[in-house]
Amino acid sequence: MSDVKYTSAPVEPPPRYETTAPLLTNFPTAKSSILRAPLPLDLPFLTSIRGRKIILASASLRRRQLLAQIGLSDLSIIPSTVPEAFPKTLSPFEYVLQTATQKAMTVYKAQINSPDGEPALVIAADTVVVSRGGQILEKPRSETDHIAMLKGLRDSVSHKVYTAVVVMAPLSSARDPGYAVESTVEETTVKFGKDVSDELILSYVRTREGADKAGGYGIQGIGAILVDRIEGSFDNVVGLPLKPTLALIEKVLQDDEDLVDEFAEAQDEE
């Protein structure tokens, strides 16, 4: 056996966070283990819009909770009221992208001349569940439809979840069209467990958790008991892929800065 020398543990205790992070309220805690909220992400582009009007063009509580995780908690919730009437004959990619774009554009145009000021940012998203055969699944219409939908997802082994995210911001310059817009579509494969029984499906359906969700289940809740594994982003299945959304926010704000710089250079050349 070789002689291995180990460095002794440091005498000094690790730094404490008690003086830097606010205490979470409404949580039962033990004196020896207190949960504290994390500090917000210290990123310049996020700091630049904190305290300004940021609109989430969705009534989804799940999307609000996800955005709060990156520090965007003070949101104006203004869902689009335009019917989602795009044909299901579109590819899932095009369907979610066009739907999310319509949501963002509708809310942006309605709010750009709002008495309480133009938005610094509009975020819209749309999520669809697509069967292995390519069918875009709606919310279940009845308990019978709900059971059949989940059995179909189980029996087909796997299905896809697509989420489109569209982010818009007004431009500081007068350059047409007056706004910057960036978008992405993310895809996740979800596989239900082969051992999911009819009895389990019926029991889940009767919780009513999935009654208001496309595909008929919520992976972030009790619906997780149906899922064996996923390939791709978990929060994409929940309804808002955080990492791509963060990248879109940075890009759309950078677009504005770049155009302002271009405008200034053009003015200097005149």
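## Report on a predicted protein model

The protein exposes about 16000 Å², and carbon and sulfur atoms supply 53% of that area; accessible areas come from the Shrake-Rupley method with a 1.4 Å probe, and for residues only the protein chains shown count as cover. This is a predicted model, in which local features need pLDDT of at least 70 and side-chain atom pairs count only at pLDDT 80 or more, while totals for chains, interfaces and linings use all residues. Residues are numbered from 1 along each chain as its sequence is written, and side-chain values use heavy atoms, with hydrogens and water left out.

**Overall architecture**

Seven helices and seven strands are present in the protein. Helices (H or I, at least four residues) and strands (E, at least two) are DSSP runs, numbered from the N terminus. Along the sequence, the pattern reads α-β-α-β-α-β-β-α-β-β-α-β-α-α. Of the 270 residues in the protein, 41% are buried; buried means under 20% relative accessible area, exposed over 50%, and partly exposed in between (1.4 Å probe, protein chains only). Among contacts (heavy atoms within 4.5 Å) between residues at least 6 apart in sequence, 67% join residues at least 24 apart.

Threonine 245 lies in helix 7 (residues 242–269). Threonine 245 is buried, with a relative accessible area of 0%. When neighbours within four places in sequence are left aside, threonine 245 is in contact with Leu67, Val165 and Leu240.

**The largest pocket**

Rolling a probe the size of a water molecule over the atoms shows where empty space is left. On a 1 Å grid over the protein atoms alone, a pocket is an open set of points where a 1.4 Å probe fits, with protein on both sides within 12 Å along at least five of seven lines; lining residues have an atom within 4 Å of a point. The largest pocket holds about 750 Å³ of space, a volume being the space filled by probe spheres set on the points, which are joined across faces, edges and corners. Its lining has 32 residues, of which Arg62, Arg63, Asp126, Thr127 and Lys139 lie nearest the centre. The elements that give two or more residues to this lining are helix 2 (61–69), helix 3 (92–111), strand 3 (121–130), strand 4 (136–137) and helix 6 (234–238). Strand 3 supplies the largest share, four residues. By class, the lining has 15 nonpolar, seven polar and 10 charged residues. Here Ala, Val, Leu, Ile, Met, Phe, Trp, Tyr, Cys and Pro count as nonpolar, Asp, Glu, Lys and Arg as charged, and the others, Gly among them, as polar.

**Salt bridges**

Side chains of opposite charge can pair when their charged atoms come close. The structure holds 15 salt bridges, each a side-chain nitrogen of Lys or Arg within 4 Å of a carboxyl oxygen of Asp or Glu. The table lists three of them, among the 15.

| Arginine 141 | Aspartate 145 | 3.7 Å |

Arginine 154 is buried at 15% relative accessibility, whereas aspartate 198 is partly exposed at 40%. Lys151, Arg154, Asp155 and Asp198 are linked in a network of salt bridges.
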